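Thanks for passing this one along. Here are my notes as numbered points, to read with the model open beside you.

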Amino acid sequence: MTGFTAHVGFAGWIQLVYVLAAALFVVGLHLMNSPATARRGNQVAMTGMIIAVVATFVLLIHAGTVTTTGWIVLLAGALIGSGVGLYAAQTVKMTAMPQLVSAFNAVGGGAAALVAIYGYYQAESTGGVLGTTSVFSVLDVLIGSVTFSGSIIAAGKLQGFIGGQPIIFKGGRLLNIALAVVALGSGAYLFTTPSLPALLIVVLASLGFGVMMVLPIGGADMPVVISLLNAFTGTAVAMAGFVIQNWALIVAGALVGASGSILTKLMADAMNRSLANIIIGGFGTGDSAVAIGGPVDAQVRSIQADDAAIQLAYASKVIIVPGYGLAAAQAQHGVAELGKILEDHGVEVSYAIHPVAGRMPGHMNVLLAEANVPYPQLVEMDEVNPEFPRTDVALVIGANDVTNPAARRPGNEISGMPILDVDKAKSIIVIKRSMGHGYAGLENELYFEPNTSMFFADAKKAMTELTSAVKTLVA
Amino acid sequence: MSAALLTDLTIFVLALLVGIEVIGKVPATLHTPLMSATNAIHGIVLVGALLIGITAHTTVGYILGFVAAVFAGANVVGGYVVTGRMLKMFRKKAPQPELESLDGHKGLRGLADRVGVGRGQS
């Protein structure tokens, strides 16, 4: 295989084309730093991809060693995969976006692992494995397999096939360590002795490890996990690039690995949790639902749509705080409509976006953008927090832990987590289905504040009621 | 250490640094599309899957190549389409309702634009 991809002759020219493709990836990602140019960025990156794939076909034809069966198999595979990907991408609901990204991580990591497995199988059947090739092959197989199974579990959790609660069983952690030891041990064995069965053990142990790694992680941490698995896939692809000495794979994989790691860190920081803490798990079990000094016997004030509408219609500044409850109820369009009516009525409306609102970094922005909320109205946490004291009404829709003032005090599950200072608004309306707890399993002290009113309803239904009530007021 | 490996490693390290540099400036608003875009970019593994064909002359080789091609194909096409779909929704101002109905034909939209169909509305 390396004979055809070495950096000389015809293959050398193809490598140059791959460099062009890689450059387009970088330019494309660079254009993604502003919403105004982001679409062009994606198109530039896609152009790079098309160039790389076309160059590969040219290389395949030039090599002239692809059998008829080989062509049929490759083309059929690529077309079937593309069809499935296209269908999934066009039909997925924006709320289910994280699952899809996770699924793409799975197949990307799986493909990367397969490239190395094939390379190893091929090299071994023709005699001998190069030392360096073996190191990268083993890393590729390890990371690729872990990503494959881990991403499937993550997607399953988000989709609800597997319970969102952390799944912890006795000896689970021990099994995890054992799997890691077996995978690494067999991998190390491969450095000295070429052995296909040992490679198979690496694959199986890594797959097991991926499952065991994600199972104990709670649903609230899934955004971080997906981001991490995205970085893993990138790294696996880069390793595959080393295996077949292909610059396009190395550069693209490294780009994704680096960007994914940074995104993961940003996410973890936003939740004030270390990555180690998330991976080790235990958060969001719901078992630790202890009211931490919250006024247990305190009464919450309940409110109906008409009263809430009056508050909103006569406010001069309203901040809407959307959370996952909004996404789950598919209420983003209703919220956008309400926001627009208020805006047209002369109320200053903005949306406070917590970094972990939704199920992926920036997920809430996508959901609101889908509902045609202009992006300048979406304000990030650090910018919006000073605004709350001069806000008449803060409308909290399906957000819980990110508004809990308990985070400012030490000694509980969410201590130190950056929150939206919703409690500083003059008046607060919380739309929520029940008094149920958020992922942290904590009582939200915000609900017991004297200036807080609770509007108990499904977010979508609440939006319909509120919108019609506001309409009659402003008409 | 061979010269080829050294070149590969150099490229790898530089690409890592570029990745860090390019991503550091992206606002939180775009984090999900960004993740989706990088998700599509790792679909470049399709190139690796296709290259299997050069040496695959056995059943095992064909099977591995086929599965890798299916996986990578889904990754790359799905990744770009879904990113495009997401980014299309980011607008500075609320759009005309007509635009929305056109958006229903996602795949055909670009083609329609190119040949001038439906241009009157957009």
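Which hand does the crossing of α5(A) and α3(B) have, left or right? The crossing of α5(A) and α3(B) is left-handed, and point 3 sets out the contact around it.

1. A word on conventions. This is a predicted model, in which local features need pLDDT of at least 70 and side-chain atom pairs count only at pLDDT 80 or more, while totals for chains, interfaces and linings use all residues. Residues are numbered from 1 along each chain as its sequence is written, and chains are lettered from A, ligands numbered from 1, in the order in which they are written.

2. The chain interface. In this model, 82 residues of chain B are in contact with 103 residues of chain A (contact: C-beta atoms, placed from the backbone, within 7 Å). On the side of chain B that touches chain A, at least two residues each come from α1 (3-23), α2 (31-41), α3 (45-55), α4 (59-88) and α6 (106-115) of chain B (helices are DSSP runs of H or I with at least four residues, strands runs of E with at least two, numbered from the N terminus). The largest share, 28 residues, belongs to α4(B). By class, this side of chain B has 51 nonpolar, 23 polar and eight charged residues (Ala, Val, Leu, Ile, Met, Phe, Trp, Tyr, Cys and Pro count as nonpolar, Asp, Glu, Lys and Arg as charged, and the others, Gly among them, as polar).

3. α5(A) against α3(B). Their axes come within 9 Å and cross at roughly 25° (axes are lines fitted to C-alpha atoms, for helices over the stretch in contact, with angles from 0 to 180 degrees between N-to-C directions). The two helices, α5(A) and α3(B), are therefore roughly parallel (under 35 degrees; over 145 is roughly antiparallel, 65 to 115 roughly perpendicular and the rest oblique). Left-handed, as said of this crossing, has the near helix turned anticlockwise from the far one by less than a right angle; clockwise is right-handed. Residues of α5(A) that meet α3(B) include A:Gly108, A:Ala111 and A:Val115, with B:Gly48, B:Ala49 and B:Ile52 among their partners. This contact of α5(A) with α3(B) has seven nonpolar, four polar and no charged residues.

4. α5(A) against α4(B). Here the axes come within 8 Å and cross at roughly 150°, which makes α5(A) roughly antiparallel to α4(B). The crossing of α5(A) and α4(B) is left-handed. Its residues divide into 17 nonpolar, eight polar and no charged.

5. α9(A) against α2(B). These helices pack at about 25° with axes 10 Å apart, which makes α9(A) roughly parallel to α2(B). A:Ser227, A:Asn230 and A:Gly234 meet B:Met35, B:Thr38 and B:Asn39; by class, that is one nonpolar, five polar and no charged.

6. Domains of chain A. Chain A is divided into domain 1 (92-280) and domain 2 (301-474), with bounds from an automatic or database domain assignment. Their contact takes 19 residues from domain 1 and 15 residues from domain 2 of chain A.

7. The sheet. Seven strands of chain A form an open sheet in the order β1-β7-β6-β5-β2-β3-β4, with parallel pairing (strands pair if DSSP finds at least two bridges between them). The edge strands, β1 (301-302) and β4 (378-380), each pair on one side only. Five bridges join β2 (317-322) to β5 (393-397) of chain A, and A:Val321 stands opposite A:Val396 in β5(A).

Methods: Contact = placed C-beta atoms within 7 Å.
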